[in-house]
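I opened the notebook to go through this chain piece by piece. Here is what I looked up, in the order I looked.

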Amino acid sequence: MNEEIIISQTKRWIIEVVIGCNFCPFANREIIRNSIQYCVLPEADNLKVLQKIQIMLADLVANENIETSLLILPENFEDFYNYLNLIDEIEEQIISPLYEGVFQIASFHPLYLFEGSTETDPANYTNRSPYPMIHILRESSLDVAIDSHPGTEKIPDNNIAFAKMKGIHEMKRIRELCFGIKE
């Protein structure tokens, strides 16, 4: 797999979906500042991911110019429930003991499925990415962004309402723009 293409598709997803649908009102600033670290980890298993997350956290601690990091897993985590188990491992083994209150994990997956929803619920597209991804955010920056942006508690509900209003076909079409696919 070509890492440059994967990163390019991920950036396009951020622009077309995350920013374009206003799912995260804070993302555009980081795109403009070029402060997002993108890492592609092909042929990864859980151990390799845990090791890479530790390296990425150390990078974030050492470099304040990196605001947020995305670990992109183009292979071996296609199964959404195995991916969720990996997220649990990261939060239990790495974030909780060492970095709780410092960093936060957000998860994105091509087959993301909110608990209690169905596969055809357009709301799932608020977290459906081109590849399985692990997003590491600085909690202090998140706190500043939340304090400076009124109504942040409404963001998830607004995102779900937007996705439902657009419908499953339109949300799928928007996400597929990152691959250059058109329906």
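**Entry 1: helix 6 and its end**

I began just past helix 6, where Gly167 has a positive phi of about 90°. I kept in mind that this is a predicted model.

Then I went back over the helix itself. Helix 6 covers residues 155–166, twelve in number. From first C-alpha to last I get 16 Å, close to the 16 Å expected at 1.5 Å a residue.

Which residues of helix 6 are buried? I noted Ile155, Asn159 and Ala163. Looking down the axis of helix 6, I see the buried residues within an arc of 65°, so they line one face of the helix. They pack against helix 7 (168–176). On the face turned away from that buried side I found Asp157 and Met165, both exposed.

**Entry 2: helix 3**

Helix 3 runs over residues 46–62, which makes 17 residues. Its end-to-end C-alpha reach is 24 Å, close to the 24 Å expected at 1.5 Å a residue.

The buried list for helix 3 reads Val49, Leu50, Ile53, Met56, Leu57 and Leu60. Down the axis of helix 3 these buried residues fall within an arc of 125°, so here too I can write that they line one face of the helix.

What covers the buried residues of helix 3? My list includes strand 1 (36–40), strand 2 (68–72), strand 3 (103–108) and strand 4 (133–138), along with helix 4 (80–99).

I also checked the other side of helix 3. The face turned away from the buried one carries Leu47 and Ala62, which are exposed. Leu47 came up again at the N-terminal end of helix 3: Asp45 caps that end, with a side-chain oxygen 3.2 Å from the backbone nitrogen of Leu47.

**Entry 3: cysteines**

How many disulfides are there in the whole structure? My search came back with zero. For Cys21, the nearest cysteine sulfur is that of Cys178, 12 Å away. A disulfide needs the two sulfurs within 2.5 Å, so Cys21 is in none. Cys178 is likewise in no disulfide, its nearest cysteine sulfur being that of Cys21 at 12 Å.

Buried or exposed? I looked up Cys21 and found it buried, at a relative accessible area of 7%. Cys178 is buried too, at 4%.

**Entry 4: aromatics**

My count of aromatic pairs is eight. I wrote up two of them.

Phe80 and Tyr83 make a stacked pair, 6.3 Å centre to centre with 25° between the planes. Why do these two sit about one helical turn apart? They are three residues apart in helix 4, so about one helical turn separates them. I have Phe80 down as buried at 4% relative accessible area, and Tyr83 as buried at 0%.

Tyr112 and Phe114 pair edge-to-face, 5.0 Å centre to centre with 65° between the planes. Tyr112 is buried, with a relative accessible area of 12%, whereas Phe114 is partly exposed at 27%.

I then traced the cluster: Phe80, Tyr81, Tyr83, Tyr112 and Phe114 form one aromatic cluster.

**Entry 5: the loop between strand 3 and strand 4**

Phe114 sits between strand 3 and strand 4. Leaving aside neighbours within four places in sequence, Phe114 is in contact with Ala123, Asn124, Thr126 and Asn127. I also took a distance from Phe114 to Phe162: the two are 48 residues apart in sequence and 16 Å apart, C-alpha to C-alpha.

Leu113 lies in the loop between strand 3 and strand 4 as well, and is buried at 18% relative accessibility. Not counting residues up to four places away, Leu113 touches Phe80 and Tyr81 as well as Thr118, Glu119 and Asn124. From Leu113 to Gly180, 67 residues along the chain, the C-alpha atoms are separated by 24 Å.

Where is Asn124? I found Asn124 in the loop between strand 3 and strand 4. Asn124 is buried, with a relative accessible area of 0%. Beyond four places in sequence, Asn124 touches Tyr112, Leu113, Phe114, Ser117, Thr118 and Glu119.

Methods: Residues numbered from 1 in each chain as written. Predicted model: local features only at pLDDT ≥ 70, side-chain atom pairs only at ≥ 80, totals over all residues. Heavy atoms only, no water. Helix = DSSP H or I, 4+ residues; strand = E, 2+ residues; numbered from the N terminus. Expected span 1.5 Å × (residues − 1). Buried < 20%, exposed > 50% of the residue type's maximum accessible area, 1.4 Å probe, protein only. Arc of directions from axis to C-beta. Contact = heavy atoms within 4.5 Å. Polar contact = N/O pair within 3.5 Å; in protein donor to acceptor, adjacent residues only side chain to side chain. Phe/Tyr/Trp six-rings, centres within 6.5 Å; stacked < 30°, edge-to-face > 60°.
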